[in-house]
Amino acid sequence: MTTVTEKDVQALRDALGPLKDREQLAARLLEASAKHSFDPDTELDWDSPVEEGKWFWPPELVSLYDTPLWRKMSEEQRMDLARHEAASLASLGIWFEIILMQLLVRHIYDKSVTSNHVRYALTEIADECRHSMMFARMIQWGKGPAYPVPPRYHNLARVLKTVSTTPGSFAATLLGEEILDWMQRLTFPDERVQTLVRGVTRIHVVEEARHVRYAREELRRQMVTAPRWEREFTRVSCGEAARVFSVCFVNPQVYENVGLDRREAVAQVKASGHRTEVMQTGARRLTDFFDDIGLLNGVGRRLWKSSGLLA
């Protein structure tokens, strides 16, 4: 078997151009981390009260927005649904970040502990620890329940992260980060939204930008250097992860908790052209990137389409 060296990788290209030098990229990300990292415990005012008349999530991003059921709901019920959906998304974020931390640790297990690449991975793991605690604290601040994913998907994730290839791990990382990141970029400048929630999303957007860069460049590297079977397996596992992610994006229990009929609400969300557009727009930057590097072929593409995240 031929071993691909770092020098060989630097000479390789994909559809997006030459691959970046791994150590130089990590050095730049470490420098950015030193300048733009936050401690949510001190950065945010957790003793502040919930602001009357402000949303916990932009209404246009609430799952039932512009459906017949939405038009029947009172403004108070709509805002309460937004509060519960914010708690549901924060819970989903914690679940995903715990998975991603495990995948990152596994990625660096047999790499040089003195490399910039490993040092940045450990920096990112520390970021994700803070983010998970921040999301949990936001749920408590908003007096919302935590919304764990359904047990079958919680356990399916055990399988997916156990069998995940290295490129599959970075594809899953981007899936978990980029769609929520798109929504949060709309949230933190929105003055209709609770000040503390905007602060949470601002911190997450700033720090996740580095995580996305790291994952994108490493995924490009892996898709160039991985054997064919690994690339094919990654396409399928990535597509299945997209399907699970879309199903778990909003826990249906939120509808019952604000006094709505669960089945009717789920059916209207599925039929909503607005919701489909929101999810596909949020995923477009990611799916375009995956398409460029050859991840959306064959069965993988069909799974992405079945997830509703790809037109």
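Welcome! Start by selecting helices α9 and α13, which are roughly parallel to each other because their angle falls under 35 degrees, the cut-off for that term. Helix α9 covers residues 195-225 and helix α13 covers residues 273-292. They pack at an angle of about 20 degrees, with axes 11 Å apart; these axes are lines fitted to C-alpha atoms over the stretch in contact, and angles run from 0 to 180 degrees between N-to-C directions.

A word on the model: it is predicted, so local features need pLDDT of at least 70 and side-chain atom pairs pLDDT 80 or more, while totals for chains, interfaces and linings use all residues. Residues are numbered from 1 along each chain as its sequence is written, and side-chain values use heavy atoms, leaving out hydrogens and water.

On α9, pick V212, R216, L219 and R220; on α13, pick R285, L286, F289 and F290. These residues make the contact, meaning heavy atoms within 4.5 Å. By class, five are nonpolar, none polar and three charged.

Now zoom out to the whole chain. You will find 14 helices and two strands, taken as DSSP runs (H or I, at least four residues, for helices; E, at least two, for strands) and numbered from the N terminus. Along its principal axes, the C-alpha trace spans about 65 × 45 × 30 Å.

Finally, colour by burial. Buried residues make up 55% of the 311 residues, with buried meaning under 20% relative accessible area (1.4 Å probe, protein chains only).

Notes: Parallel < 35°, antiparallel > 145°, perpendicular 65-115°, else oblique. Nonpolar A, V, L, I, M, F, W, Y, C, P; charged D, E, K, R; others polar. Buried < 20%, exposed > 50% of the residue type's maximum accessible area, 1.4 Å probe, protein only.
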